[in-house]
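Hello,

Here is the structure I promised to pass on. Have a look at it first, and then read my notes below.

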Amino acid sequence: MTAGASRSLVVVSAGLSQPSSTRLLADRLAAATERHLEDAGIAPKLRVVELRDHARDLTNHLLTGFPTPALQEAIDAVVSADGLIVVSPIFSASFSGLFKMFFDVIERDGFAGKPVLIAATGGTARHSLAIDHALRPLFAYLNAAVVPTGVFAATEDWGHGAVAADGTLVERIDRAARELATAMVGRAPTAMRDPFTDPIPFEDLLRSNQG
Amino acid sequence: MEQTMQFGVFTVGDLTPHPTTGQTVTEAERIQIMVTVALKAEEIGLDVFAAGEHHNPPFVPSSPTTMLGYIAAKTDRIMLSTATTLITTNDPVKIAEDYAMLQHLADGRVDLMMGRGNTGPVYPWFGKDIRNGIALAYENYALLHRLWREDVVDWDGQFRTPLTGFTAVPRPLDGVPPFVWHGSIRSPEIAEQAAYYGDGFFHNNIFWPKDHVQRMVKLYRERWEHYGHGPADRAIVGLGGHVFMRPNSQDAIREFRPFFDHAPVYGGGMSLEDYMDQTPMTIGSPQEVIDRTMGFREFVGDYQRQLFIADHAGLPLKVVLEQMDILGEQVIPVLRKEFAALRPAEVSDGPPLHPRVLAAQAARGGPLTSAAPEDSVTSTETAVPA
C-alpha cells in the first residue's frame with residue numbers, strides 16, 4: 001500500500017435518542033473499519049453524520065427545495081466519501097422515516113459503486129430481515145456496492161460478551177467491517193467533479209444529449 | 001441615448017386563496033389583476049413586465065402572447081417579457097412565430113426568457129418526455145435561434161418534424177430577433193447554454209440561498225467570456241426578487257406572515273424569519289429592501305435587470321398596487337441612482353434593446369418619462385374589486 005494513502009469513511013446514524021443503541025452500533029462498526037483500514041496501511045478519515053441534528057432541515061429541504069448550509073455540508077460529506085456505514089433503527093418493519101428522508105434528498109449518482117455497510121438496530125431479532133428487505137434494496141437502487149454482511153443488533157445482542165464467537169454481534173461487526181475496508185482499499189478514492197468550477201463544454205453537452 | 005438598468009415586475013398568475021378569508025378570485029378576475037399590474041408598472045415608470053406560462057391549476061396564464069399583445073396595445077413604453085417561456089414543451093416554430101408577431105405589434109418592446117417549467121406532467125401532456133428536459137431545451141432553442149436569423153431553414157432533430165424550405169413568419173421586426181434570457185434555478189447546463197449563445201442569464205433569486213445564485217451567475221459569466229462574447233463582467237445578468245414593504249418592518253412582517261405561511265411555493269415548513277435569513281427574500285421597510293437589493297450586486301456583480309414578484313400568494317390587488325407604489329416612489333428611484341453610481345462605465349447598464357425602442361426612448365428624452373396621464377391606472381380605478 002502507498003505510504004500516506006488515506007480514505008474517507010462517513011457514518012450515517014439515524015438514531016433518535018441520545019445516547020442511542022443505533023449510534024452505539026455505528027461507533028463499533030466505524031472503529032472496526034478503521035482498524036482494518038489501518039491494517040491495510042490506509043489512514044482512515046472518519047466523519048459521523050447524526051441525522052437527528054438535521055431533522056428539521058430535512059423537512060424544510062423537502063418542502064422548500066434547498067438545503068441549509070449544515071445539511072449541504074453533510075450531504076457533500078456522504079457523496080464524497082470513499083466508504084459509508086449507514087445505520088437505522090427499524091420502525092414498522094423498515095428503516096426510519098428520518099433515515100429515508102436523508103437519502104431522498106441526495107442525487108442518486110452520488111452513490112454509484114460506493115462501498116456501503118448496512119446496519120440496523122431493533123428491540124428483538126425478529127426485525128433482523130429488514131436489513132435485507134429494506135436497506136439492501138434501497139442501496140441497490142442507488143447503485144452502491146453493498147458489502148455482503150449486513151449487521152443487525154437486537155437489544156439482547158449487547159449482552160453476548162466480548163469474544164468474537166461464531167455469529168455473535170462482535171463477530172458480525174468485525175466481518176462486515178473487514179468487508180467494507182477491503183472494498184474501500186480496492187477502489188480508487190472518490191473523485192468529485194464540481195460542475196461550477198469544471199463545466200462541461202456546451203458542444204459536449206449537446207452531443208451527450210443526442211440519442 | 002443612454003440605457004439604464006431595468007427594473008420591473010413579474011407574475012406567475014397563481015390562484016391562491018387569501019390566507020384569512022379563504023376567498024379566491026375567479027380566473028377572469030385573476031387575468032384582469034395581471035393586466036392591471038402591467039398597466040400600473042408602466043404608470044409608475046417600471047421598465048419591464050414579465051408574465052409566466054403555466055398549463056395546470058392553480059395557475060391561470062397559459063397563453064402569454066395573447067395577454068402581452070393586449071397589454072402592448074394598452075401601453076407605450078414598457079418592455080414586455082416572459083418568466084418563463086417553456087422551451088421544452090412548446091414547439092420552437094410556434095415560439096418563433098408568436099413572439100415575432102408580438103414584437104411587430106409592440107414595436108420592438110419584447111424580449112423573452114426561456115425556462116424548462118416546474119411541473120412534470122406538462123411534459124407528457126404536450127407529448128414530451130421529462131427525462132429529455134435539458135436535451136429539449138437545447139434542441140428547441142437551437143432551432144428557434146436559427147428560425148429568427150435565417151430566412152429559409154432546413155432542419156432535422158430528434159424531437160420535432162423535420163423542416164425543409166421553412167420560413168417562420170413574420171420575420172423579426174427590422175430583422176432584429178428579440179433578446180433572449182435563459183432562466184434556471186439550479187442547472188449549470190442552462191447557464192452554459194446562455195453563455196454559449198451570448199444571451200442573457202436570469203436567476204429567479206427567490207427560492208435558493210445566495211451562495212447558489214452566486215455560483216450560477218459566476219459560471220455563466222466565466223463561460224460567456226470563454227465563448228468570446230467579451231469580458232465576464234459585461235455578460236447580461238438578470239435577477240428576481242421577492243419583497244414586501246411597510247414603513248415599519250415589524251408591520252411588514254406581521255402583515256405578510258399569513259401569506260408566506262399559506263403560499264404553496266414557500267412550503268409551509270420553514271419560518272418566515274429562517275427563510276429571509278437563508279434566501280434573498282426581504283420583508284421589511286423600503287430602506288431594508290434598498291440595502292438588500294444593493295447587496296445583490298456584491299454576489300453577482302453589476303447586473304442589468306431586476307424583477308420583483310408582484311401579484312401572488314393571494315395578496316389582494318389593493319395591496320399589490322400599494323406595494324408597487326412603494327417600489328415606484330421610494331425604492332426603485334434610489335436603486336437606479338445607487339446602481340448607476342457604482343457601475344463601471346464599460347459595463348452595460350441594461351440588456352440589448354430593439355433599435356426602435358432605443359429610438360422611441362431618445363424621442364421621449366429618456367426611458368423613464370411617464371405615460372400620458374389619460375392612460376394611467378391608479379389604485380382607485382382598478383378593473384377588479386380588491
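In which strand of chain A is A:Arg47 found? A:Arg47 sits in strand 2 (residues 43-50) of chain A, where helices (H or I, at least four residues) and strands (E, at least two) are DSSP runs numbered from the N terminus.

Before I go on, a word on conventions. This is a predicted model, in which local features need pLDDT of at least 70, side-chain atom pairs count only at pLDDT 80 or more, and totals for chains, interfaces and linings use all residues. Residues are numbered from 1 along each chain as its sequence is written, while chains are lettered from A and ligands numbered from 1 in the order in which they are written.

Back to chain A. A:Arg47 counts as partly exposed because it has 16 C-beta neighbours inside 10 Å; a residue is buried with 20 or more other C-beta atoms within 10 Å of its own, exposed with 12 or fewer, and partly exposed in between, with C-beta atoms placed from the backbone. Apart from neighbours within four places in sequence, A:Arg47 is in contact with A:Ser8, A:Val10 and A:Ala77 (contact: C-beta atoms, placed from the backbone, within 7 Å). A:Ala77 is 30 residues from A:Arg47 in sequence, and their C-alpha atoms are 7.8 Å apart in space.

Helix 2 of chain A is worth a look too. Its buried residues are A:Asp57, A:Leu58, A:Asn60, A:His61 and A:Thr64. Seen down the helix axis, these residues fall within an arc of 165°, so they line one face of helix 2 of chain A (the arc is that of the directions from the helix axis to the C-beta atoms). Their cover includes helix 3 (69-80) and helix 4 (97-104) of chain A. Just after helix 2 of chain A, A:Gly65 has a positive phi of about 90°.

Now to where the chains meet: 15 residues of chain A are in contact with 20 residues of chain B. On the chain A side, helix 2 (55-64) and helix 7 (202-208) each supply at least two residues, and helix 2 of chain A gives the most, with four. By class, that side has eight nonpolar, seven polar and no charged residues (Ala, Val, Leu, Ile, Met, Phe, Trp, Tyr, Cys and Pro count as nonpolar, Asp, Glu, Lys and Arg as charged, and the others, Gly among them, as polar).

The axes of helix 1 (residues 27-43) and helix 11 (residues 317-342) of chain B come within 11 Å and cross at roughly 20° (axes are lines fitted to C-alpha atoms, for helices over the stretch in contact, and angles run from 0 to 180 degrees between N-to-C directions). That makes helix 1 of chain B roughly parallel to helix 11 of chain B (angles under 35 degrees count as roughly parallel, over 145 as roughly antiparallel, 65 to 115 as roughly perpendicular and the rest as oblique). Helix 1 of chain B brings B:Ile33, B:Thr36, B:Val37, B:Lys40 and B:Ala41 to the contact, and helix 11 of chain B brings B:Leu317, B:Val320, B:Leu321 and B:Met324.

For helix 3 (residues 92-105) and helix 5 of chain B, the axes come within 8 Å and cross at roughly 40°. These two helices of chain B are therefore oblique to each other. B:Pro92, B:Val93, B:Ile95 and B:Ala96 of helix 3 meet B:Asn140, B:Leu143, B:Leu144 and B:Leu147 of helix 5 in chain B.

Best wishes

Technical notes: Two residues are in contact if their C-beta atoms, placed from the backbone, lie within 7 Å.
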